[in-house]
Amino acid sequence: MVKIFLFARYAEVAGARELDIDLPASMTIGEVWNSVRKKFPAMAEIRETPLVACDRKYSRFSHRVRGGEEIAFFPPVGGG
Amino acid sequence: MPKTFQELMAGLKRQVAEIEPDQLKERRQRDGNLVLIDVRELDEYKGGFIPGAVHIPRGFLELRIEEAVPDRDTPVVLYCAGGVRSVLAADSLNHLGYRDVQSLIGGMGKWRTQGLQVEKPEMLSDWERQRYARHLSIPEVGEEGQKKLLRSRVILIGAGGLGSPAAYYLAAAGVGTIGIVDFDLVDESNLQRQILHTTERVGVQKTESAKTTLLALNPRVQVRTFTERLSSENVTDIFKDFDVILDGSDNFPTRYLVNDASVLLRKPNVHGSVFRFEGQVTVFWPGRGPCYRCLYPEPPPADMAPSCAEAGVLGILPGVIGMLEAVETVKIIIERGDILIGRLIAYDALRATFRELKLQRDPDCAYCGKGRKFPGFIDYEQFCANPAVAAG
């Protein structure tokens, strides 16, 4: 299992800020992102690559997680 | 125990190492680590000092020496007017564990009579001394830091939600030149958060309204207004006269443009953005950490990128984020503290949480990747309207 945090627009679109995703086997962060998007159909419209933090450190889609990690997805925020 | 001052001095002269002016000159040329400290009072210092010397009056020496010279193996030379107070000061540093301390024989007097170089200090005026008194009493700012602030030039992108509090505090702090780029007019719906503007100035150019407020707060600040839309054509010309860029823009095309210009000009870009109850702040400093494109190589599709007008924002939130941007700007100027480079702070006002994440440079970043040539400015409107096409 990994703990997911969604921020700003992603949280609004999904209607959730925190959720757990089951991890049957080791997955890449890209695969985790896809399963989050599947869980919330409204997120299908998100096409850009989010900023990802795995355990509060910048991470890429290719990075593998094994369970127990905390993954945060930050959308680009433009407002000022 | 010595009974008289003369006996005290005679004793100290045996313990404290001394150096002649010409030897000092020669030693400084060969030893770049050497710290030269002027221990005279302010009035004496104002009359001229040895170039490169740090001014710490004798009465503050023990209090401030660890800040000025953290490593006790650093060679230190002290001087005063005639070479007496500096011997007393050197003795004190020896007691504090400094291992290589010398006193300048004959002090400033002998230095001058030998025709060696003297510099006149750039001093704060009495007005500045009073105005910035609370800065002067913080060691991290002090007189040196305040002089840096007074000489500094900050360009703000946008006089809106983020730019307002940032500009207000930077003007209060004594930043010498504040530039503001904004083409928009003050709208009534801005006033819930854009605190530079007032009800009676609805319909006025934001740059002019901002200038009026900032000059009322601090008439000595130079405010330069650029009442135009920031574009690929004017960005380098506008940015070239400024040291720090503070991004308070409200749209993605401008954010990518500001980023690219900051990479090209290698100037720090203090970045903040807000959405409803959430805000982000970080510092992009080319060569020292990631740039905006390392984090977000492509913008969100235009229909997915709501502005404050569409999404709404808690009025105070850009206040918090804009002020964090102002704090980082001041730290960059006074060269103190741990600047928010390679870290991003995400603030959630509704849940009252700050979350920090460590960032990384993308070695393959199209703009700031190592060894990359600047690819040039692009059509930012098109890039953000249809990212996939423009990025491809």
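A residue is called buried here if 20 or more other C-beta atoms lie within 10 Å of its own, and exposed if 12 or fewer do. By that criterion, 42% of the 392 residues of chain B are buried. The model is a predicted one.

**Chain B overall**

Chain B contains 18 helices and 13 strands. Along the principal axes, its C-alpha atoms occupy a box of roughly 85 × 50 × 45 Å. Among the contacts in chain B with a separation of 6 or more, 67% join residues 24 or more positions apart.

**Contact between the chains**

On the chain A side, 21 residues are in contact with 36 residues of chain B. Two or more residues of that side come from each of helix H1 (8-14), strand E4 (51-54), strand E5 (57-59) and strand E7 (70-74) of chain A. Sorted by class, the side of chain A that touches chain B comprises 11 nonpolar, 4 polar and 6 charged residues.

**Nonpolar cores**

The largest nonpolar core has 88 residues, and those touching the most other members are Ile71(A), Phe73(A), Leu156(B), Ala167(B), Leu170(B) and Ile178(B). The biggest contribution to this core, 8 residues, is made by helix H16 (residues 317-334) of chain B. When residues up to four places away in sequence are not counted, Leu170(B) touches Val154(B), Val175(B), Ile178(B), Ala326(B) and Thr329(B). Another core, of 26 residues, lies apart from the largest one; Ala53(B), Leu61(B), Val87(B) and Ala90(B) are among its members.

| Helix pair | Angle | Axis separation |
|---|---|---|
| H1(B) (residues 5-15) and H5(B) (residues 85-95) | about 60° | 10 Å |
| H10(B) (residues 163-173) and H16(B) | about 40° | 7 Å |

Angles under 35 degrees count as roughly parallel and those from 65 to 115 as roughly perpendicular. H1(B) and H5(B) are therefore oblique to each other, and H10(B) is likewise oblique to H16(B).

H1(B) passes H5(B) in a left-handed crossing. On H1(B) the contact involves Met9(B), Leu12(B), Lys13(B) and Gln15(B), and on H5(B) it involves Val87(B), Leu88(B) and Asp91(B). These residues divide into 4 nonpolar, 1 polar and 2 charged. One of them, Val87(B), is also a member of the core of 26 residues.

The crossing of H10(B) with H16(B) is right-handed. H10(B) contributes Gly163(B), Ser164(B), Pro165(B), Ala166(B), Tyr169(B), Leu170(B) and Ala173(B), which meet Gly319(B), Gly322(B), Met323(B), Glu325(B), Ala326(B), Thr329(B) and Val330(B) of H16(B). The classes in this contact are 8 nonpolar, 5 polar and 1 charged. Leu170(B) touches both Ala326(B) and Thr329(B).

**A loop position**

Ala302(B) sits in the loop between helix H14 (292-295) and helix H15 (308-311) of chain B. Because it has 15 C-beta neighbours inside 10 Å, Ala302(B) counts as partly exposed. Which residues is Ala302(B) in contact with, leaving aside its neighbours within four places in sequence? They are Cys384(B) and Ala385(B). The C-alpha atom of Ala302(B) is also separated by 9.7 Å from that of Gln382(B), 80 residues apart along the chain.

Definitions and conventions. Residues are numbered from 1 along each chain as its sequence is written. Chains are lettered from A and ligands numbered from 1 in the order in which they are written. This is a predicted model: local features need pLDDT of at least 70, side-chain atom pairs count only at pLDDT 80 or more; totals for chains, interfaces and linings use all residues. Helices (H or I, at least four residues) and strands (E, at least two) are DSSP runs, numbered from the N terminus. Two residues are in contact if their C-beta atoms, placed from the backbone, lie within 7 Å. Ala, Val, Leu, Ile, Met, Phe, Trp, Tyr, Cys and Pro count as nonpolar, Asp, Glu, Lys and Arg as charged, and the others, Gly among them, as polar. A nonpolar core is a set of buried Ala, Val, Leu, Ile, Met, Phe, Trp, Tyr and Cys residues joined through C-beta atoms within 7 Å. Axes are lines fitted to C-alpha atoms, for helices over the stretch in contact, and angles run from 0 to 180 degrees between N-to-C directions. Angles under 35 degrees count as roughly parallel, over 145 as roughly antiparallel, 65 to 115 as roughly perpendicular and the rest as oblique. A crossing is left-handed if the near helix is turned anticlockwise from the far one by less than a right angle, and right-handed if clockwise.
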